[in-house]
Amino acid sequence: MTAKAMAKNAAKEVEVPEFTTCFCGLWPAGSPKPSREVGDEGPICRICLSETGVLVRPCACSGSIGYVHRECLGCWTTVDKKAKAREECELCKTKFAVEGTMCLAMANWAPPKMTCKVLMVVCGVLGLTFSLLYIALLLDDRFFFDRVLRRNCRPQVEDVAYLLLAGLLIVGVIFLGCIGIHGTIVYLRKQRIPKFVDSSVHVI
């Protein structure tokens, strides 16, 4: 058998798949085609270009650019530093329709920033707490709790010094704890965005 005949037989044995055209170009024949066809596109978010989730039309924009996710628009308005841009659409120049506020999904929360202030508060609370526990152990070694609480004896002079130091430590823990709680509240407030709704232009 000649080399030419062998090449012809090999070409017959190889199955070449047939291709048909679809919305994204060539598609193998017999394979499941995408469910979408040309002209079947539904509304999509103009920011993330996704069609899933709840879409609203908070401004006067019409057509496909009028739809957007509340979360996407909320994140966009918080990134933009211009106050005017946070209130109105950059395309149609109408104010966004808002009804109160809503909390972002935890997956979309901004990660907390570990600043020097945060580290100082955390280290301060831990240090003061361990110091307070150490003083409590010292008082227990002096049988302070047994003498004062059970036997109703008066505290000694050394006990008063330890108690004053423990009081100062408690005040410090409470002060730093209030700073930490305030920072947590501010962080949680930043995870809330305006609740955008359909504009009155699109409401029938």
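Q: In this predicted model, contact means heavy atoms within 4.5 Å; leaving aside its neighbours within four places in sequence, with which residues is Arg147 in contact?
A: Arg147 belongs to helix α5. Once its neighbours within four places in sequence are left aside, the residues in contact with Arg147 are Arg142, Asn152, Cys153, Arg154, Gln156 and Asp159.

Q: Does Arg147 count as buried or exposed?
A: The cut-off for a buried residue is under 20% relative accessible area. Arg147 has a relative accessibility of 12%, and it therefore counts as buried.

Q: How far apart are the end C-alpha atoms of α4?
A: Helix α4 has 26 residues, and at 1.5 Å a residue these should span 38 Å.

Q: What distance does helix α6 reach from its first C-alpha to its last?
A: Helix α6 covers residues 157-190, which makes 34 residues. At 1.5 Å a residue, 50 Å is expected, and the helix comes close to this. From first C-alpha to last, α6 reaches 50 Å.

Q: What covers the buried residues of α6?
A: The buried residues of α6 are Asp159, Ala166, Leu169, Gly172 and Leu176. In α4, the buried residues are Val121, Gly124, Leu128, Ile135 and Leu139, and their cover includes α5 and α6. For α6, in turn, the cover includes α4 and α5.

Q: Which residue just after α4 takes a positive phi?
A: Helix α4 spans residues 116-141. Just after this helix, a positive phi of about 60° is taken by Phe143.

Q: Which elements give two or more residues to the largest nonpolar core?
A: This core has 11 residues in all: Cys45, Leu55, Val56, Cys59, Cys61, Val68, Cys72, Leu73, Cys89, Phe96 and Phe196. Two or more of its residues come from each of β3 (55-56) and α2 (70-79).

Q: How many residues are in the other core, which includes Leu128 and Leu169?
A: This core lies apart from the largest one. Among its members are Leu128, Ile135, Phe144 and Leu169. Leu128 and Ile135 are buried residues of α4, whereas Leu169 is a buried residue of α6. The number of residues in this other core is eight.

Q: What accessible area do the residues of the nonpolar surface patch with Leu133 have together?
A: Leu133 is found in helix α4. The patch is formed by Met114, Val118, Leu119, Val122, Leu126, Phe130 and Leu133. Together, their accessible area is about 660 Å².

Definitions and conventions: Residues are numbered from 1 along each chain as its sequence is written. This is a predicted model: local features need pLDDT of at least 70, side-chain atom pairs count only at pLDDT 80 or more; totals for chains, interfaces and linings use all residues. Side-chain values use heavy atoms; hydrogens and water are left out. Helices (H or I, at least four residues) and strands (E, at least two) are DSSP runs, numbered from the N terminus. The expected span of a helix is 1.5 Å times one less than its number of residues. Buried means under 20% relative accessible area, exposed over 50%, partly exposed in between (1.4 Å probe, protein chains only). Contact means heavy atoms within 4.5 Å. A nonpolar core is a set of buried Ala, Val, Leu, Ile, Met, Phe, Trp, Tyr and Cys residues joined through side-chain atoms within 4.5 Å. Patches are made of residues with over 30% relative accessible area and no salt bridge: like charges are joined within 9 Å, nonpolar side chains (Val, Leu, Ile, Met, Phe, Trp, Tyr) within 5 Å. Accessible areas come from the Shrake-Rupley method with a 1.4 Å probe; for residues, only the protein chains shown count as cover. A salt bridge is a side-chain nitrogen of Lys or Arg within 4 Å of a carboxyl oxygen of Asp or Glu.
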